Amino acid sequence: MLNVELALETPVIQPESLVPKLATTCDLSKAVQHQALELAMEAVDAGLANGRNPVGVAVGYLYVAVAEREVLTTQEEIADAAEVSVETVRARYQELLEVLE
């Protein structure tokens, strides 16, 4: 409301912009990061990111990439790095799997 009154622009955070930092924080490889970014493009095209917390969506991309590459990183480690709940990681992971099928 105040932004409108003062004519301030509010930047829109895209989930894929958060993937590199989260991947680095979790000490994940560039290959996992690259795969997560590819998944992001598919998910955005499917409208998965609409109306959701961008951080939650980004952790979903990352966890799908981790699972597909069989990297030993847990949902809890990713959730802690992103400061979201494990349930958020799990929910976005499941939604992404449905979109990718």
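Predicted model: local features only at pLDDT ≥ 70, side-chain atom pairs only at ≥ 80, totals over all residues.
Residues are numbered from 1 along each chain as its sequence is written. Local features need pLDDT of at least 70 and side-chain atom pairs count only at pLDDT 80 or more, while totals for chains, interfaces and linings use all residues; side-chain values use heavy atoms, leaving out hydrogens and water.

The largest nonpolar core holds 28 residues. Such a core is a set of buried Ala, Val, Leu, Ile, Met, Phe, Trp, Tyr and Cys residues joined through side-chain atoms within 4.5 Å. Buried means under 20% relative accessible area, exposed over 50%, and partly exposed in between (1.4 Å probe, protein chains only). Leu 28, Val 59, Tyr 61 and Leu 62 touch the most other members. At least two residues of this core come from each of helix 2 (19-25), helix 3, helix 4 (54-68), helix 5 (75-82) and helix 6 (86-100). Helix 4 gives the largest share, 9 residues. Helices are DSSP runs (H or I, at least four residues), numbered from the N terminus.

Beyond four places in sequence, Tyr 61 touches residues including Pro 15, Ala 36, Val 44 and Leu 96. Contact here means heavy atoms within 4.5 Å.

Gln 75 lies in helix 5. Its relative accessible area is 15%, so Gln 75 is buried. The side chain of Gln 75 makes a polar contact with the side chain of Arg 90, at 3.3 Å. A polar contact is a pair of N or O atoms within 3.5 Å; within protein, one must be able to donate a hydrogen and the other to accept it, and residues adjacent in sequence count only if both atoms are side-chain atoms.

Met 41 belongs to helix 3 (residues 30-45). Met 41 counts as exposed because its relative accessibility is 55%.
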